[in-house]
Amino acid sequence: MLSLKINDIKITMAHLLLKKTFDEFLLEHSKVVTFAAFEINGKRNLNWYDDDEKENQLQPLLYWSEARDFLFDYIKGKKTPEYMKISLKASRKCAEKILENSGVLSRYLSEMPDMYLQIKFEKGELTMVTGITHKEFSMDKTLDRGWDDAIREWIRTLKISAAVQ
């Protein structure tokens, strides 16, 4: 697990809400507090879809791209949110892209753990926290460190300045 304090809040929020940077992540949960709390449970309601849509092999969770515009519309304005927390899970495609040059991609492909990125804005500070859930218990933290390092490198390539907390 890695906790990063993001120094470039505007750049990061542009990547999160205006660009497609995070679109291949899956949304676990989000909560934004402005004049009222707005929450999205990222679990897809399959009952809402017709049979043709279900045949497209929908993910159980929403892609960030499906929720991004709703959150942006809720947040935009002159005031920043009082609080915001977005919990993302890397889709396989997303994880492979981020881990591509990490040295742990083959390990990821053989184990297929769930990899997470939590983005939180509170009291004027923005943080990102990584996480990983293995299918089986392991004392080996190679993949955990690989995900942490890959996320740090990925945000660096996005020109986002961050400091380890």
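**Entry: model.** I am working with a predicted model.

**Entry: aromatic pairs.** I searched the whole structure and got six aromatic pairs. I looked up F22 and F25 among them; this pair is tilted. I noted 5.9 Å centre to centre and 35 degrees between the planes.

I then checked burial. F22 is buried, at a relative accessible area of 0%. F25 is buried too, and its value is 0%.

I went on to W48 and Y49, an edge-to-face pair. Here I read 5.2 Å centre to centre and 90 degrees between the planes. W48 counts as exposed, at 65% relative accessibility. Y49 has a relative accessible area of 14%. That is under 20%, so Y49 is buried.

**Entry: helix α4.** I took residues 92–99 next. C94, A95, I98 and L99 are buried there. I looked down the axis of α4: the buried residues fall within an arc of 120 degrees, so they line one face of the helix. What does the face turned away from the buried side carry? I found the exposed residues K93 and K97 on that face.

**Entry: cover of α4.** I listed what covers the buried residues of α4. The strands include β2 (25–33), β5 (83–90) and β6 (114–122). The helices include α5 (105–111) and α6 (142–157).

Definitions and conventions:
Residues numbered from 1 in each chain as written. Predicted model: local features only at pLDDT ≥ 70, side-chain atom pairs only at ≥ 80, totals over all residues. Heavy atoms only, no water. Phe/Tyr/Trp six-rings, centres within 6.5 Å; stacked < 30°, edge-to-face > 60°. Buried < 20%, exposed > 50% of the residue type's maximum accessible area, 1.4 Å probe, protein only. Helix = DSSP H or I, 4+ residues; strand = E, 2+ residues; numbered from the N terminus. Arc of directions from axis to C-beta. Contact = heavy atoms within 4.5 Å.
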